[in-house]
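Visitor: Hi! Could you walk me through this one? I'm new here.
Guide: Happy to. Let's have a look together.

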Amino acid sequence: MSALPVAIDEAGPDADGAISLLTYAVGSVDRDRLDVALVPYRTGSAVLAVARTPQMTVGVVGYSAAPDRTTLLHLATHPLYRRRGIGTALIHWVQSSHPGIPLVAETDADSVHFYEKSGFTSVSLGEKYPGVERYLVRRAPSHYAPPR
């Protein structure tokens, strides 16, 4: 499938469609788990951005930036819009906002291939939770920030 053109902007956690998309990143519709995931965005310690088509919100990314790295906290696309370049566009948007420092994330076996295709290297963290292998993925710093 070809890339779907989207507009990406910072948004609050209550932006249209953001919470429903975060449930895919959190892996559960459990309200307590979702509320914990929303804390960094509600307190301002992390940034949330959404990808929109003219019709709807189709992707979400959350991250925190430090002087030595930018950490992806959440990344999700609407199931009907996956494999259309939205996740990759969100990653590029985050990295262009913080060029010159690496981009890192922790992910599961289901998503590690996506990150590797997007230019990340991966290292297994082992079974961090019973029966769940986790990976640390890292993308080298970008030294080019396209105009927004």
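**A first walk through the model**

Guide: This is a predicted model. Let's start at Thr53, which sits in the loop between strand S2 (47-52) and strand S3 (57-66).

Visitor: Is Thr53 buried or exposed?

Guide: Thr53 is buried, because its relative accessibility is 8% and buried means under 20%.

Visitor: What does Thr53 touch?

Guide: Leaving out residues up to four places away in sequence, Thr53 touches Leu4, Pro5, Val6 and Val58.

Visitor: Okay, new topic. In what order do the strands of the sheet come?

Guide: The open sheet has seven strands, in the order S1-S2-S3-S4-S5-S7-S6, with mixed pairing. Strand S1 (7-10) and strand S6 (121-129) are at the edges with a single partner strand each, so one side of each has no neighbour in the sheet. From one strand to the next, the twist averages 25°.

Visitor: And how many bridges join S2 to S3?

Guide: Six, and these two strands run antiparallel. Within this part, Leu48 stands opposite Gly62 in S3.

Visitor: Which strands does H1 touch?

Guide: H1 packs on the sheet and touches S2, S3 and S4, with its direction at about 105° to that of S4. The buried residues of H1 (residues 18-26) are Ala18, Leu21, Leu22, Thr23 and Val26. Their cover includes helix H2 (31-43), S2, S3 and strand S4 (69-77).

Visitor: Last one: where does Arg83 lie?

Guide: Arg83 is in the loop between S4 and helix H3 (86-97). Arg83 has a positive phi of about 65°, although it is not a glycine. At 76% relative accessibility, Arg83 counts as exposed.

Key. Residues are numbered from 1 along each chain as its sequence is written. This is a predicted model: local features need pLDDT of at least 70, side-chain atom pairs count only at pLDDT 80 or more; totals for chains, interfaces and linings use all residues. Side-chain values use heavy atoms; hydrogens and water are left out. Helices (H or I, at least four residues) and strands (E, at least two) are DSSP runs, numbered from the N terminus. Buried means under 20% relative accessible area, exposed over 50%, partly exposed in between (1.4 Å probe, protein chains only). Contact means heavy atoms within 4.5 Å. Two strands pair if DSSP finds at least two bridges between them. Axes are lines fitted to C-alpha atoms, for helices over the stretch in contact, and angles run from 0 to 180 degrees between N-to-C directions.
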